[in-house]
Amino acid sequence: MNNEIITPDKEFEQKLRPSRFQDFTGQDKIRERLELFVTAARQRGDVLDHVLLSGPPGLGKTTLSYILADAMDVNIKCTSGPVIDKPADLAGLLTSLERGDVLFIDEIHRMQRSVEEYLYSAMEDFVIDIVIDQGPNARSVRLNIQPFTLIGATTRSGMLSAPMRSRFGLINRLDYYDAPTLSKIVKRSAHILNVEIDDAGAFEIASRSRGTPRIANNLLRRARDYAQVMADNRITQKLADKALSLLDIDSDGLEEMDKRILTGIIEKFSGGPVGINSLAVSVGEEADTIEEVYEPYLIQEGYLQRTSQGRIATVRAYEKFGLIPPDKK
């Protein structure tokens, strides 16, 4: 089990996290598919096949992992790719698993290559090779481990090696949620938090949540604080608008950094194309953070284009700030 410190934000996430398939809202095809495979595995008395969950952060990869473990009625052990430095760390985890247990590895694409190769035989044949001693006396000992289910979560599935990816029997990509679906999630979370919210208020929060349940729940938390002080613990559309405006989140769900990225491309680089490293320096943010956190939503909403030459601001980005695109001047 991972030994990470549970912060108040983590406690908040765990409190709102669904524990059963029927409580999980959205990703209908993936949910139905996984339910089917779980039912089939349980009917056979078999171990669930290895599962790869990919997609942007905050869409429910960790939640689905816990739901799968609960549905299979097995234990789950959690870790993350960067934490596993050497094969010995992984060996300790694998040998402690019982039959059918789930090993969940978050950000699996960030594992060391030597550790990743160590997983191959464990995933396929449920054996691991341990090297004992060093130098001329070194020898390899093969240990059998209990059949288990590896669930890997990644925000960048393209960084997984082909041999590793091919060993997952169930590969699923989670997509962004639409506003009506997120509205249901917001109302469910509000009920758990004992805060009153109407349909318009829930939709207002959902429409500004960048298609991400984690962000929706975090915005609900801030709106709850605002409502507690200003509106007798009741969230309406008007109150949600005031609360989110206080956080500099506009009606399109764009944050301050989103706007800095778009205006930086338009004003400093004449609309692009501009390389990611130059863009990162100009807005004072890490290149990886821009690629993984901000770019996916901006591209999906049509504000940004990613080309081989660099990033380009679209016509919609110009219109967002009341500017005239170069081709229309």
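Which residues in H12 meet which residues in H13? The points below take this up after some notes on the model.

1. This is a predicted model, in which local features need pLDDT of at least 70 and side-chain atom pairs count only at pLDDT 80 or more, while totals for chains, interfaces and linings use all residues. Residues are numbered from 1 along each chain as its sequence is written, and side-chain values use heavy atoms, with hydrogens and water left out.

2. Helix H12 (residues 276-283) packs on H13 at an angle of about 90 degrees, the axes being 9 Å apart. Helices (H or I, at least four residues) and strands (E, at least two) are DSSP runs numbered from the N terminus. Axes are lines fitted to C-alpha atoms, for helices over the stretch in contact, and angles run from 0 to 180 degrees between N-to-C directions. H12 is therefore roughly perpendicular (65 to 115 degrees) to H13.

3. From H12, Ile276, Asn277, Leu279, Ala280 and Val283 meet Ala287, Ile290, Glu291 and Glu295 of H13; contact means heavy atoms within 4.5 Å. The contact of H12 with H13 has 6 nonpolar, 1 polar and 2 charged residues. Ala, Val, Leu, Ile, Met, Phe, Trp, Tyr, Cys and Pro count as nonpolar, Asp, Glu, Lys and Arg as charged, and the others, Gly among them, as polar.

4. Helix H11 (residues 256-268) also meets helix H13 (residues 287-300): their axes come within 11 Å and cross at roughly 80 degrees, so H11 and H13 are roughly perpendicular to each other. Met257, Asp258, Ile261 and Leu262 of H11 make this contact with Ile290, Tyr294 and Leu298 of H13. By class, 6 of the residues are nonpolar, none polar and 1 charged.

5. An open sheet of 5 strands runs in the order E2-E3-E6-E1-E7, with parallel pairing; two strands pair if DSSP finds at least two bridges between them. Strand E2 (76-80) and strand E7 (170-173) stand at the edges with a single partner strand each, so one side of each has no neighbour in the sheet. Neighbouring strands are turned by 15 degrees against each other on average, direction ignored.

6. E2 pairs with strand E3 (residues 102-106) in the parallel sense over 5 bridges, and Cys78 stands opposite Phe104 in E3. Helix H3 (residues 61-72) packs on the sheet, touching strand E1 (51-54), E2, E3 and strand E6 (149-154), and the direction of H3 makes about 155 degrees with that of E1.

Notes:
Parallel < 35°, antiparallel > 145°, perpendicular 65-115°, else oblique.
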